[in-house]
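Welcome, and please take a moment to look over the model before reading on.

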Amino acid sequence: MIAIRHVTGYAAMGAAILALTLAGCGGGGGGSGSSSKTSTPQNSGSTQKATTGSATSMLTTAHIAKLGTVVTDGKGYVLYRFDADSANPTKVTCYSTCAALWPAATTTGQGSVTTKGIDKSMVSTVKRNDGSTQITLAGWPLYRYAKDDEPKEPYGQGVDGTWWAVTPTGAKITTPVSTSSAPAPATTGTGGGGGY
């Protein structure tokens with residue numbers, strides 16, 4: 001009898017851990033926070049540890065077919081901006097689950113970012129709630145897309161109608177890209193704009 005109770009207890013504990021794990025994984029697109037697929041900033045005032053961003057010391061440009069000239073990091077990965085953020089004043093809303101799929105383009109400080117093909121006066125930084133320093137362009141926080149596994153891949157372009165590749169002036173590029181070779185985007189909840 002005691003052995004059966006222990007086995008039942010372990011099974012219940014395992015089921016609870018599995019449920020919590022699945023709830024935390026969310027979907028594919030990334031968003032502004034929780035698995036409820038809303039665009040509400042999550043813990044924007046806390047000191048939680050968020051996913052470490054994509055550290056870079058350079059912003060440069062690249063030509064991407066159908067998109068034109070986009071901003072990339074020093075390794076050639078396309079950088080994006082998020083419609084739920086703002087530029088004036090600069091506001092970051094992508095934390096937690098969102099930041100796992102959309103890592104912030106971070107640096108060790110404003111003076112350490114060099115530019116090529118981009119007006120350096122438009123480049124700045126903003127402190128994230130985990131203490132890291134995120135690069136901004138024309139006030140917009142910049143991000144990588146985790147599913148862009150090669151330089152110049154714009155798979156994040158237009159995800160959920162809220163994530164956009166960035167021009168050298170910080171404007172968003174709204175031209176869609178061919179989806180024939182891109183990973184299938186995850187469907188979103190009815191809350192919209194979450195990026196999951």
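This is a predicted model: local features need pLDDT of at least 70, side-chain atom pairs count only at pLDDT 80 or more; totals for chains, interfaces and linings use all residues.

Helices (H or I, at least four residues) and strands (E, at least two) are DSSP runs, numbered from the N terminus. Residues are numbered from 1 along each chain as its sequence is written, and side-chain values use heavy atoms, with hydrogens and water left out.

Let us begin with the chain as a whole. A residue is called buried under 20% relative accessible area, exposed over 50%, and partly exposed in between (1.4 Å probe, protein chains only). By this rule, 42% of the 196 residues of the chain are buried. Contact means heavy atoms within 4.5 Å. Among contacts between residues at least 6 apart in sequence, 70% join residues at least 24 apart.

Now turn to the inside. A nonpolar core is a set of buried Ala, Val, Leu, Ile, Met, Phe, Trp, Tyr and Cys residues joined through side-chain atoms within 4.5 Å. The largest one has 21 residues, and Trp-102, Tyr-143 and Trp-163 touch the most other members. Strand 4, helix 2 and strand 12 each supply at least two residues of this core. A second, separate core has eleven residues, including Val-113, Ile-118, Val-123 and Leu-137.

The aromatic residues deserve a visit of their own. A pair of aromatic rings is described by the distance of the centres and the angle of the planes. Rings of Phe, Tyr and Trp (its six-membered ring) pair if their centres lie within 6.5 Å; planes under 30 degrees apart count as stacked, over 60 as edge-to-face and the rest as tilted. The structure holds six such aromatic pairs.

Tyr-143 is buried, at 0% relative accessibility, and Trp-163 is buried with a relative accessible area of 0%. Ring pairs link Tyr-80, Phe-82, Trp-102, Tyr-143, Tyr-145 and Trp-163 into a cluster.

How do the strands pair up? Two strands pair if DSSP finds at least two bridges between them. Strand 2 (residues 58-64) runs parallel to strand 8 (residues 114-115), joined by two bridges, and Met-58 stands opposite Thr-114 in strand 8. Strand 2 also pairs with strand 3 (residues 68-73), in the antiparallel sense and over six bridges. There, Ala-62 has Val-70 in strand 3 as its bridge partner. The hairpin of strand 2 and strand 3 has three residues between the strands, and in it Lys-66 takes a positive phi near 70°.

Next, look at Gln-157, in the loop between strand 11 and strand 12. Gln-157 counts as buried, at 8% relative accessibility. Beyond its neighbours within four places in sequence, Gln-157 is in contact with several residues, among them Leu-67, Tyr-80, Trp-163 and Thr-174.

A few backbone spots complete the walk. Most residues other than glycine have a negative phi, and most peptide bonds are trans. Asn-88 and Pro-89, however, are joined by a cis peptide bond with omega about 5°; Pro-89 is in the loop between strand 5 (86-87) and strand 6 (90-91). Ala-138, not a glycine, has a positive phi of about 55°, and Ala-138 is partly exposed, with a relative accessible area of 31%. Lys-152, also not a glycine, has a positive phi of about 70° and is partly exposed at 48% relative accessibility.
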